[in-house]
Structures are given as structure tokens and as C-alpha cells.
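Student: I have just opened this model and would like to learn how to read it. Could you walk me through some features?
Tutor: Gladly; let us look at it together.

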Amino acid sequence: MRGRILRRAFSTAGVWRNATPVANGPEWSAGPVGHLPELARSHPQVWASLRAQVPSAIAAVGARFHLFPASLGIAERARRTELVRAACTHPSVLSVQASAADLPLSTEARQQVPELRESVAHNAELATLGNALLGLIASEHFHLKYPHLPTRVLKAFVSAYVGPSTLADVGADLGILAQGVQRWDRTGTSVVQKSVKGRKAPAAAPLLSKDVAAQSMRAMVAVLFQELGMAATRGFVQSQLLSRRLDLASLIKFQDPKRVLSATCKKYKKPAPQSRLLAETGRKSISPVFVVGVYSGAVKLGEGTGSAIRMAEFRAAEDALRRLYLAERPNGSFDLPTSTLDDTFAGTTPVPHSLQHAAGHVGSHRFTPQPLGRAEVLYESRG
């Protein structure tokens, strides 16, 4: 019995159904409807840098930043969408656009990419304004929450909470680096100037995605200030940045904590600190342990342990200074100076309900200025 021969029939109906006409060629081509331009095939990095943002991705980012409430009109939504697009566009796109003009492309290939002739709106000015706002809000918060902080430690706190690394991480959580959001130089030719300690001239570093995310976050803060006002901006910074937990004690370093503690007690007109041995074990063994406490009169300021008495004294003085500097006031027990600007910079729409609690006082209220801290200048000193 002769076996059966199975034959499978193939149909090209689906291929021709998706075919598109091609100019100066055959009537139909079997390519997909949304085929990529020639620039995307010949120079993919340039195409990825110049490609316009995806509308749905921009809408998602704007919604996370409370910029698109349901009551917003069509014209107002379109205007804010363009602001978000500009905030997510790095100035390095201009250099890519300029370099793309020298690429060997045909006239038809250039016409396929309207981004080559686009007037790009970037986030340079918005990022400058946003950086100033972040520094203002963070500085007043830590100055009033930790009233005994020295100036250098205050700057370290501000950098830790609203610095580039933190902004990049928070921006990534909010979708700043999602696909179809950012426009920046992905070719690797752009560099950023970063100051390096110990060098006179700033060092040039390649432009990374975290640098782009940090600048976009600053620009988005400026957009919040422009559209929603000072209260909403303060509430966003409080809820997204300043509410994060960080080991602040690790940011306070001392070279000679005993001398600093003596000067601090003198500044506050307290008795000079004295070290007292509280406990010890294994003095004559290979691993002794000493416990030293530092006192100002009858008040115990700090305590430290170590394998040597001097080491324990050093750590006890550090513990005393950290207890002083990190003595904090509870949130809500002090008025922020920027709350006086809530009426002046009210924004075009009301403060979102989700940001009102974090913003504190919203609207007119009586402001109570906080007392100024002690001066850090030591009398009879040259420093």
C-alpha cells in the first residue's frame, strides 16, 4: 500500500495584507507598516538619541509627579505635556543633532527623520531652578530639625538627601529612566565636568544615565514649582526625598573629637568635659576592653569602648558630639520659612491632596520665626 504524501499549503495573504507601497519602486513591498528609517539602521545610537519621547511614557511620568489631574483641560494638559518633555530632554541632544548634520545621508533619508530639523527644548534652565529649590527646601528642613548642626555637616546632609546619586535613584523609582522618556546623547561623545578634590582643573567624565536622571529630577521639581506652587513642591520633596531613612551618624567625622567637645562645652558655657573609666576587663590579656564615659559636671555626655583607654576616650567624645548634633525636633513643631511663599507662588492648580500633609501649612497662616543657633566662630581664634 502506497504511503500518503502530506503536503502543507502556505498562504501569502497575510504578508500582502500588511504590505506598504514604496516610492520609486514596485507597487507593493512586504515590509511592516511602521518600518524604521534609514538612520535607525545605519546609525542606531544617533537614532536612539534623537528619537522623540513616547506619549504614553510622558503621560505616566507626569501623572506620578501630580501634574495631570482629572480636572485638567485639553489645552492645559498639552502645555504641561510639553513641559514634561522638555524636562526629560538633556542638552546633549543638541550636539547629537549638530553631528547628525554631517552624516552621509540622502535627502530622502533625512526627510524620514523630522527630529533632525526639530527645535529641541531642553532642561538646562529648569534644572538650574530646580537645583536651587532643592537646596532651599532641604537646607531649611535640616537647619530647623537639627538646630545644633555645624555648617559643614549641614551641607553633607543636604548633599546626601538631594544630591545627584539620591536624585538618580528616586528618579529611577518614579520612571524617569523608563523606556521612551529620556532624550540624551547615547553615542558616548558627550562629557560632563566634575570637580575632583586635589586637582585645579575639573575632570571630564562620560555622560551616564544617572547624570541624566538627576538633571531631569531637578527639572521636574522646577516644573512642579511653576505649575503647582511652592507648597506642592515642598510637599513632593518632603515625601519623596527628605522622608527617606539614612544613617546620618556616618556622615559626621572628627579628627580630634576631644578638642571639639571641649570647645563646644565652652561655647555653651558648660563645665569642661572629663573622661571617666566606667568598666574594664582583661587589662593584662591579649584582648582587653575598656568602657569610658565623658561627663560635663554631673551630666553624662557620651560613652565609648575600645581595646585601649585612649581609643575608648576618642569614641566617647565622638558619641557625645553625635548626640548633640543629631538631637532633632519632631516634624510639625517648627514653621518652615518657605511657608510664607505659599500664597505668592500658589501655582495654576490647587495642591494635590496627596501632597497637602507633607507640605505642612498650606495657605495663609501666622509664621513664627525660629531662634537662631549659636555662632560657630570661636573667640580668640584665627579660623
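Tutor: We begin with how covered a residue is: buried means under 20% relative accessible area, exposed over 50%, and partly exposed in between, using a 1.4 Å probe and protein chains only. This is a predicted model, in which local features need pLDDT of at least 70 and side-chain atom pairs count only at pLDDT 80 or more, while totals for chains, interfaces and linings use all residues. Residues are numbered from 1 along each chain as its sequence is written, and side-chain values use heavy atoms, with hydrogens and water left out.

Student: Is H66 buried, partly exposed or exposed?
Tutor: H66 has a relative accessibility of 23%, so it counts as partly exposed. Its phi is near 65 degrees, a positive value in a residue other than glycine. You will find H66 in the loop between α4 (55-64) and α5 (74-87).

Student: What is the phi of K269?
Tutor: K269 has a positive phi of about 60 degrees although it is not a glycine. K269 sits in the loop between α13 (257-267) and β3 (273-281), and at 74% relative accessibility it counts as exposed.

Student: How are helices and strands defined, and how many does the protein have?
Tutor: They are DSSP runs numbered from the N terminus: helices are H or I with at least four residues, and strands are E with at least two. The protein has 15 helices and five strands. Of its 383 residues, 39% are buried.

Student: What does contact mean?
Tutor: Contact means heavy atoms within 4.5 Å. Among contacts in the protein between residues at least 6 apart in sequence, 66% join residues at least 24 apart.

Student: How should I read a nonpolar core?
Tutor: In soluble globular proteins, nonpolar side chains tend to be buried together. A nonpolar core is a set of buried Ala, Val, Leu, Ile, Met, Phe, Trp, Tyr and Cys residues joined through side-chain atoms within 4.5 Å. The largest one here has 62 residues, and F65, L67, F142 and F236 touch the most other members. Helix α11 (residues 209-228) gives the largest share of this core, eleven residues. Apart from this core lies another, of 14 residues, among them L39, W47, A109 and V113.

Student: Which residues does F142 touch?
Tutor: Not counting residues up to four places away in sequence, F142 touches L149, L154, F157, V158, Y161 and L242. F142 is buried, with a relative accessible area of 2%.

Student: How many aromatic pairs are there, and by what rule?
Tutor: Rings of Phe, Tyr and Trp (its six-membered ring) pair if their centres lie within 6.5 Å; planes under 30 degrees apart count as stacked, over 60 as edge-to-face and the rest as tilted. By this rule the count is seven. The rings of F65 and F236 have centres 5.1 Å apart and planes at 35 degrees, so this pair is tilted. F65 lies in the loop between α4 and α5 and F236 in helix α12 (residues 230-242), so the pair ties together parts that are 171 residues apart in sequence. F65 counts as buried at 0% relative accessibility, and F236 counts as buried at 1%. F142 and Y146 form a stacked pair, 6.3 Å centre to centre with 20 degrees between the planes. Ring pairs also link F142, Y146, F157 and Y161 into a cluster.

Student: Where does the charged end of R276 sit?
Tutor: A charge sits over a ring if NZ of Lys or CZ of Arg is within 6 Å of the ring centre and within 35 degrees of the ring normal. The charged end of R276 sits over the ring of Y295, 4.4 Å from its centre.

Student: Which residues is T166 in contact with?
Tutor: Leaving aside neighbours within four places in sequence, T166 is in contact with A160, Y161 and L241. T166 lies in helix α10 (residues 164-173), and at 18% relative accessibility it counts as buried.

Student: Where is S307?
Tutor: S307 is in the loop between β5 (299-306) and α14 (309-325). S307 and F290 are 17 residues apart in sequence and 6.1 Å apart in space, C-alpha to C-alpha. With a relative accessible area of 44%, S307 is partly exposed.
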